[in-house]
Amino acid sequence: MLVELFAVMAPVLAGAGLGFVWVRRGHPYPIEFVTRLVFNIGTPSLVLASLAGASIDAHTFGRTMLATALVISLMGVAAFAMARLLRRDWRVILAPMMYPNTGNMGLPVVFYAFGSAGFAYGITVMVTVSLFQFTIGAMLSSQGNPLKTLVKTPTVYAILISMTLLLTDTALPAWIANTVDLMSGFTVPLMLITLGVSLASIQVKSLRSGLGFTLLRIPLAAGTAWAVAGLLGLPPLAQSILVLQMCMPVAVFNYLFAQRAQREPAYVASLVFCSTLLALFYLPALLALMM
């Protein structure tokens with residue numbers, strides 16, 4: 001499992017490393033343009049490409065989605081205490097607390113650990129986190145009218161379309177599926193390179209803070225997810241996957257939202273980097289307890 005886990009996280013570290021080296025060598029990098037490209041084209045395509053072909057029954061989808069929504073909400077409440085403890089603005093801490101990397105990192109780990117039987121639960125958690133992140137997250141990161149920002153967020157519509165396709169067991173036409181699959185290909189690499197660009201300017205103090213944040217967040221997320229799943233009576237497999245997904249490192253999208261809103265993006269980048277690095281150590285231990 002350790003080998004597979006490293007294989008999942010190695011591209012994350014490599015992508016960020018490319019951005020880091022690129023800036024350190026003095027090359028220009030248009031962060032604002034790349035961020036807009038990822039949000040408006042890449043991310044909606046990635047959501048459709050990832051979710052449109054999944055097979056999940058409505059009952060499984062509904063219960064797991066409710067459990068995930070409750071965990072996200074409780075982590076949001078806990079963010080206020082975390083912000084005071086770390087002496088940071090709650091608006092900076094809120095998104096990293098609520099939105100782990102359930103997609104390009106969480107789904108492969110779920111598949112390697114639990115196979116196709118657990119993959120549907122992993123997909124459901126990802127859909128729910130994405131729905132929260134690109135509605136509430138988009139509104140909080142906006143600098144103007146939040147409702148106007150929400151209406152203009154293409155990923156929201158991509159999520160709604162994907163959910164409709166999932167629940168009605170409908171497939172995208174082949175030409176659309178091929179198009180969004182092609183367009184989604186640049187999204188994750190550009191996110192990771194942009195993360196590395198920001199990491200090139202962070203200070204050691206931010207790294208220490210990032211490590212502290214991760215060590216506080218992971219036990220809290222695991223305990224909250226376990227308690228909520230037990231309260232709602234989720235099957236043991238669903239409970240394990242909910243815990244695993246909510247303990248994933250801080251999602252790279254949180255950095256892009258911070259970059260767009262200009263709310264300490266370098267600090268958020270350190271949270272993404274440190275949590276991803278520490279995941280090499282805590283995820284195998286967590287899997288050993290659940291499997």
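Let's start inside. The largest nonpolar core has 89 residues, and Ile-93, Leu-242 and Leu-244 make the most contacts within it. By nonpolar core I mean a set of buried Ala, Val, Leu, Ile, Met, Phe, Trp, Tyr and Cys residues joined through side-chain atoms within 4.5 Å. Helix 5, residues 106–133, gives the most to this core, with 13 residues. As background, nonpolar side chains tend to be buried together in soluble globular proteins.

A word on where this comes from. This is a predicted model, with residues numbered from 1 along each chain as its sequence is written. Local features need pLDDT of at least 70, side-chain atom pairs count only at pLDDT 80 or more, and totals for chains, interfaces and linings use all residues, while side-chain values use heavy atoms, with hydrogens and water left out.

Now the overall picture. The protein has 14 helices and zero strands. Helices here are DSSP runs (H or I, at least four residues), strands are E runs of at least two, and both are numbered from the N terminus. Of the 291 residues, 54% count as buried. Buried means under 20% relative accessible area, exposed means over 50%, and partly exposed is in between, with a 1.4 Å probe and protein chains only. The protein exposes about 13,000 Å², and carbon and sulfur atoms supply 69% of that. Those areas come from the Shrake-Rupley method with a 1.4 Å probe; for residues, only the protein chains shown count as cover.

Next, contacts. A contact means heavy atoms within 4.5 Å. Take the contacts with a separation of 6 or more: residues 24 or more positions apart account for 84% of them.

Two residues show this up close. Which residues does Leu-244 touch, leaving aside its neighbours within four places in sequence? They are Val-109, Val-110, Phe-114, Leu-283, Leu-286, Leu-287 and Met-290. Then there is Ala-67, in helix 3. Ala-67 is buried, at 0% relative accessible area. Beyond its neighbours within four places, Ala-67 contacts Val-228, Leu-232, Leu-234 and Leu-242. Ala-67 and Ala-227 are 160 residues apart in sequence, yet 9.8 Å apart in space, C-alpha to C-alpha.

On to helix 13, residues 252–261. Why is helix 13 described as largely enclosed by the rest of the structure? Because nine of its ten residues are buried. Among them are Phe-253, Asn-254, Tyr-255, Phe-257 and Gln-259. Just after helix 13, Gln-262 takes a positive phi of about 55°.

Salt bridges next. The whole structure has two. The cut-off is a side-chain nitrogen of Lys or Arg within 4 Å of a carboxyl oxygen of Asp or Glu. One pairs Arg-88 with Glu-264, with the closest N and O atoms 2.4 Å apart. This pair links distant parts of the chain, 176 residues apart. Arg-88 sits in the loop between helix 3 (58–86) and helix 4 (90–98). Glu-264 sits in the loop between helix 13 and helix 14 (265–290). Arg-88 is partly exposed at 24% relative accessibility, and Glu-264 is partly exposed at 30%.

The other bridge joins Arg-91 and Asp-89, with the closest N and O atoms 2.9 Å apart. Arg-91 is partly exposed at 41%. Asp-89 is partly exposed too, at 27%.

What about disulfides? There are zero. The test is a pair of cysteine sulfur atoms within 2.5 Å. Cys-247 is buried at 0% relative accessibility. Cys-274 is buried at 3%.

Last stop, helix 8 and the surface. Val-151, Tyr-157, Leu-160 and Ile-161 form a nonpolar patch there, with about 370 Å² of accessible area together. Patches take residues with over 30% relative accessible area and no salt bridge, joining like charges within 9 Å and nonpolar side chains (Val, Leu, Ile, Met, Phe, Trp, Tyr) within 5 Å. Helix 8, residues 154–168, gives the most to the patch, with three residues.

Which is buried and which is partly exposed? Leu-160 is partly exposed, at 43% relative accessible area. Leu-166 is buried, at 4%.
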